[in-house]
Amino acid sequence: MRSLEALVRRKEVVICVGSGGVGKTTTSAVIALHAAIAGKKAVVCTIDPAHRLADSLGLKELVNEPRPVPREKLETLGFDVKGELYAMMLDGGKTLEKIIRRYTASEREADRVFNSVIYREGASSLIGSPEYMAVEVLYELTESGDYDLVVLDTPPAKHALDFLTAPDRMVNFLTDNKLLNLLIRPTVKAGSFSSSFVNWATDRFMVILNSALSSEFLTAGSEFFTALNGLYDGFKTRAQRVQKLFRDEKLGFVLVTSPNKLTLDEAAYFHSKLVEFRMPFSGVVVNKVHRNYLKALGGAEGPLGDLAHGRKKAEEVALHFAADLKSLGYDDLAPVLLENFANYQMLAEIDEKNLERLAYMVRGEEFIEHVPYFESDIHDLAGLRRINDYLFAPKA
Amino acid sequence: MVSKVRFEAVYNVAFALPFVRNTMDFFPALKEYFIMHRIAKFVSEKRNGRYAWDIVIFDGPTTGHSLFYLQSPKMIFDMLKVGAFARDARFTYDTIVGKDTTTFNVVTLAEEMPVNETVQLIRNAKVSLDVPLGMVFVNMINRSPLANGLGEKLKQAAGDARFRQTAGSFLGSAPAAEFALEAAAFQRERARLNQHYVDKLLKEEMRYLQLPFIYSRNFDVNTIIGISEVIRKGLAS
């Protein structure tokens, strides 16, 4: 995948991953927006509970279902939108509740789950954690066939890894799990866990388990998992579909990062995991890149280069610069401008060095797109347009 | 007797079983809990009748997830109530979470997302966490190079053809002067944004220590010494 443009054209699912605070949500929104401009029906799903995506898209709020972004909002910025753009924000708790209500046999069965001690004491927040629910939402959005492109914004890197492994963990947990089988056995359901347990006491692990967790908890667990019993096959089937989707060429992973060394290290780690899991890695978007002014000037000659690379003392250069500006009344700006330039240029050169490492890592067909470090944060559609213009600029 | 089985032995035997590992992997809180348990072991470790460590510093996970770590022992013993696992979780809680010798410090950046997460974290921690809150370290703050009215002067200079011509002549070209102005305007605006987010943070009642952005090509021991000096002075004041 040589460019983001090609990615949007060819893929049906794009998953943006990366560290926190590097602009994943904004990048996801821009990719979906560009697909809509190009005539696709695109949906972007974020798990970021902050209102940033809603604000950027000019929406009052985002909910747990896709909502259209009004075309007129996009057109006021001069976008010629040929397709449609939808946006949603994942709510793990609500998604889990929706799944339980949808797939349990009756309202009564669903209430049994919601009223169980285990669910109330924390299971809802565990099973309903963003990575598992993102799997469910991804399944729903892709299987619905309603969208040409699904763009998913994931949790920060470490947890994005949890997201990548979520389908495997769900399938493993639900496949031939002796503990689960034990908990949902009819004898346990009948409330005679302790006695039935004694019958199995020859099984060493079960003895240990009873000691570790207590029979009261196991009985409560039994009620909970029994109430969920009808859902296991569905959870497993959907997780298996997403497992397959994660390795399908119609999906592309986009690493979003900044040129900061720590975030690049995380990106490199994540890249190695994508390769290890044989998941389709499409490319990298690097946000917040300082502009290398000396490079733009064609080299490090002259006073700015001397200063940035320590060939001359800052005070000495500033003194001469101030002398030139004195007659205009700007002499006090001279040392500040020069010191600031040297500091900025240092950051730009550090960025460049770090990005060389990134280029070494991404040596295949994948793209690397740079977005400058803007003087202000991106909060609105105009900001999205600004990024869009960088990410999707025609390539020479 | 089952009750006499040492709990570490329980872990060792149980974790060797694939379905136990699958179950452990499935429930996110368990991994977090075991890390907290390990920290509790450090805190309570004794050698020759004395605590092995004077201080244990846990470099925690990202802001959004750190509360989950600290809540995990309580979440587990609230759920299990009795049994060896619950007792173990209670030990972890008593050793590090519910104890006034522990402080929960937050390190953040003066940027939109980190500040929003920090505000949320502080509010949640005050309500739901038993750990005494320590300090908020606001790291890498850009200060405007254009203090004391120089910002206005920069704007004036940017619109003054004579300045551009003189600066361009000294710096080697018109674009060089343009870039120097642009870099200064960038820095001034980022510093303004930093201050905006610091102000937002300061509305939360906490103790704060603001740390400046340190310009350095290499993050080495000298940088660390420089930062620790700023922290030492900040704490002393």
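**Figure 1. The two domains of chain B.** In this predicted model, the domain assignment divides chain B into domain 1, covering 1-100, and domain 2, covering 103-237. Taken over C-alpha atoms, the centres of domain 1 of chain B and domain 2 of chain B are separated by 38 Å. Where the two meet, domain 1 of chain B contributes nine residues and domain 2 of chain B contributes 14 residues. By class, the side of domain 1 of chain B that touches domain 2 of chain B has three nonpolar, five polar and one charged residue.

**Figure 2. Helices α8 and α9 of chain B.** Here you can follow helix α8 (residues 161-171) of chain B as it packs against helix α9 (residues 174-202) of chain B. Their axes lie 7 Å apart, at an angle of about 105 degrees. An angle from 65 to 115 degrees counts as roughly perpendicular, so α8(B) and α9(B) are roughly perpendicular to each other. On the α8(B) side, the contact is made by Arg164(B), Ala167(B), Gly168(B) and Leu171(B). Facing them from α9(B) are Ala174(B), Ala176(B), Ala177(B) and Ala180(B). Sorted by class, the residues of this contact of α8(B) with α9(B) are six nonpolar, one polar and one charged.

**Figure 3. Thr223 of chain B and its contacts.** Thr223(B) sits in helix α10 (residues 221-236) of chain B. If you set aside neighbours within four places in sequence, Thr223(B) is in contact with Ile214(B) and Ser216(B).

**Figure 4. Helices α2 and α21 of chain A.** Turning to chain A, this view shows helix α2 (residues 24-37) of chain A and helix α21 (residues 381-391) of chain A. The pair pack with their axes 10 Å apart, at an angle of about 75 degrees. That angle makes α2(A) roughly perpendicular to α21(A). From α2(A), the residues in the contact are Thr26(A), Ala29(A), Val30(A), Leu33(A) and His34(A). From α21(A) come Leu384(A), Ile387(A), Asn388(A) and Leu391(A). The contact of α2(A) with α21(A) has six nonpolar and three polar residues, and no charged ones. Among contacts in chain A between residues at least 6 apart in sequence, 76% join residues at least 24 apart.

**Figure 5. Asp80 in a loop of chain A.** Asp80(A) is found in the loop between α4 (71-75) and β4 (84-89) of chain A. Asp80(A) counts as exposed because it has 8 C-beta neighbours inside 10 Å.

Figure 6. The mean pLDDT of chain B is 84, with 91% of its residues at 70 or more. Over residues 1-7 of chain B, pLDDT stays under 50. The model has eight contacts beyond four places in sequence for residues 1-7 of chain B. Where pLDDT is low, predicted coordinates should not be read in detail. For the complex, the predictor gives an ipTM of 0.82 and a pTM of 0.84.

Note on methods. Residues are numbered from 1 along each chain as its sequence is written. Chains are lettered from A and ligands numbered from 1 in the order in which they are written. This is a predicted model: local features need pLDDT of at least 70, side-chain atom pairs count only at pLDDT 80 or more; totals for chains, interfaces and linings use all residues. Helices (H or I, at least four residues) and strands (E, at least two) are DSSP runs, numbered from the N terminus. Two residues are in contact if their C-beta atoms, placed from the backbone, lie within 7 Å. pLDDT is the predictor's confidence in each residue, from 0 to 100. Axes are lines fitted to C-alpha atoms, for helices over the stretch in contact, and angles run from 0 to 180 degrees between N-to-C directions. Angles under 35 degrees count as roughly parallel, over 145 as roughly antiparallel, 65 to 115 as roughly perpendicular and the rest as oblique. Ala, Val, Leu, Ile, Met, Phe, Trp, Tyr, Cys and Pro count as nonpolar, Asp, Glu, Lys and Arg as charged, and the others, Gly among them, as polar. Domain bounds come from an automatic or database domain assignment. A residue is buried if 20 or more other C-beta atoms lie within 10 Å of its own, exposed if 12 or fewer, and partly exposed in between; C-beta atoms are placed from the backbone.
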